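Please take a walk through this model, one element at a time. Keep the sequence and the structure side by side.

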Amino acid sequence: MKEGGRKQGAMSPCAACKLLRRRCAKDCVFAPYFPADEPHKFGSVHKVFGASNVNKMLQELPEHQRNDAVSSMVYEANARVRDPVYGCAGAISSLQQQVDVLQTQLALAQAEVVHMRMHQFSASSNQHHQSVPHVPSNSSSQNLYQSSRTLSSQTKSLFSMDMVVDQTNMGHSLWSC
């Protein structure tokens with residue numbers, strides 16, 4: 001069973017102490033976060049931030065925040081190793097570009113749906129006008145009123161679909177000022 005990065009019974013040093021080739025003390029600040037069986041974790045963090053800086057950061061934080069800080073450092077270090085210039089910012093920028101492309105594709109698909117519904121509506125409207133016999137009326141204004149009411153009710157049903165697109169952020173990157 002592991003406890004704090006060490007095996008019970010054996011004094012196996014944590015990954016940090018093993019990499020730094022030093023004796024792992026019982027109160028080692030690295031031991032709870034860099035277990036001996038995950039040496040790559042501390043390796044990348046040490047390569048990017050340095051052991052001394054990581055030690056200072058961990059000691060300055062309250063214990064309940066240290067696990068999150070280590071997770072963030074490991075993520076940033078791995079991203080920095082993969083992309084030395086941009087690190088996490090490069091990954092975030094790439095994901096933002098993918099979101100922009102997908103939002104554009106969604107807007108185009110929604111516009112196509114509206115176009116298809118309008119075409120369907122106009123086709124059904126033409127069939128409706130052809131099948132209804134023309135009954136002479138005593139007032140042309142009454143005919144106009146009935147036609148507009150029919151068209152209005154059909155148009156409301158045509159555009160009753162939910163289309164939620166955040167138009168304000170469309171085409172804008174999170175990285176631009």
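Start at Glu 63, which lies in helix α4. Helices here are DSSP runs of H or I with at least four residues, strands are runs of E with at least two, and both are numbered from the N terminus. Glu 63 is exposed, with a relative accessible area of 64%. Exposed means over 50% relative accessible area, buried means under 20%, and partly exposed lies in between (1.4 Å probe, protein chains only). Areas come from the Shrake-Rupley method with a 1.4 Å probe, and for residues only the protein chains shown count as cover. Now look across to Val 29. Glu 63 and Val 29 are 34 residues apart along the chain, and their C-alpha atoms are separated by 10.0 Å.

A word on ground rules. This is a predicted model, in which local features need pLDDT of at least 70, side-chain atom pairs count only at pLDDT 80 or more, and totals for chains, interfaces and linings use all residues. Residues are numbered from 1 along each chain as its sequence is written, and side-chain values use heavy atoms, with hydrogens and water left out.

Next, the overall layout. The chain has six helices and two strands. From the N terminus on, the order is β-β-α-α-α-α-α-α. Of the 177 residues, 22% are buried. The accessible surface of the chain comes to about 13200 Å², and carbon and sulfur atoms hold 56% of that. Contact means heavy atoms within 4.5 Å. Among contacts with a separation of 6 or more, 56% join residues 24 or more positions apart.

Turn to helix α3, residues 51–60. Its buried residues are Ala 51, Val 54 and Leu 58. Seen down the axis of α3, these fall within an arc of 65°, so they line one face of the helix. The arc is that of the directions from the helix axis to the C-beta atoms. Gln 59 and Glu 60 are exposed on the other side of α3. What do the buried residues of α3 pack against? Their partners are α1 (15–20), α2 (39–49) and α4 (63–82).

Helix α2 has its own buried set: Phe 42, Ser 44 and Val 45. Down the axis of α2, they fall within an arc of 165°, so they too line one face of the helix. The face turned away from that buried side carries the exposed residues His 40 and Lys 47. The buried residues of α2 pack against α1, α3 and α4. Just after α2 comes Gly 50, with a positive phi of about 90°. Arg 21 also has a positive phi, near 55°, and Arg 21 is not a glycine. Arg 21 sits in the loop between α1 and α2. Arg 21 is exposed, at a relative accessible area of 78%.

Now go inside. A nonpolar core is a set of buried Ala, Val, Leu, Ile, Met, Phe, Trp, Tyr and Cys residues joined through side-chain atoms within 4.5 Å. The largest one has 21 residues, and those with the most contacts inside it are Cys 14, Phe 30, Phe 34 and Leu 58. The elements that give two or more residues to this core are α1, α2, α3 and α4. Helix α4 gives the most, with five residues. In soluble globular proteins, nonpolar side chains tend to be buried together. Leu 58 touches Val 29, Phe 30, Tyr 33, Arg 66, Val 70 and Met 73, leaving aside residues up to four places away in sequence.

The aromatic rings deserve a look. Rings of Phe, Tyr and Trp (its six-membered ring) pair if their centres lie within 6.5 Å; planes under 30 degrees apart count as stacked, over 60 as edge-to-face and the rest as tilted. The count comes to three aromatic pairs. Phe 34 and Phe 42 have ring centres 5.1 Å apart and planes at 75°, so the pair is edge-to-face. Phe 34 is buried at 0% relative accessibility, and Phe 42 is buried with a relative accessible area of 0%. Phe 30, Phe 34 and Phe 42 form one aromatic cluster.

Last, confidence. pLDDT is the predictor's confidence in each residue, from 0 to 100. The chain has a mean pLDDT of 78, and 66% of its residues reach 70 or more. Residues 5–9 have pLDDT below 50, and this stretch has 14 contacts in the model beyond near neighbours in sequence. Residues 154–177 also stay under 50, with 27 contacts beyond four places in sequence. Where pLDDT is low, the predicted coordinates should not be read in detail.
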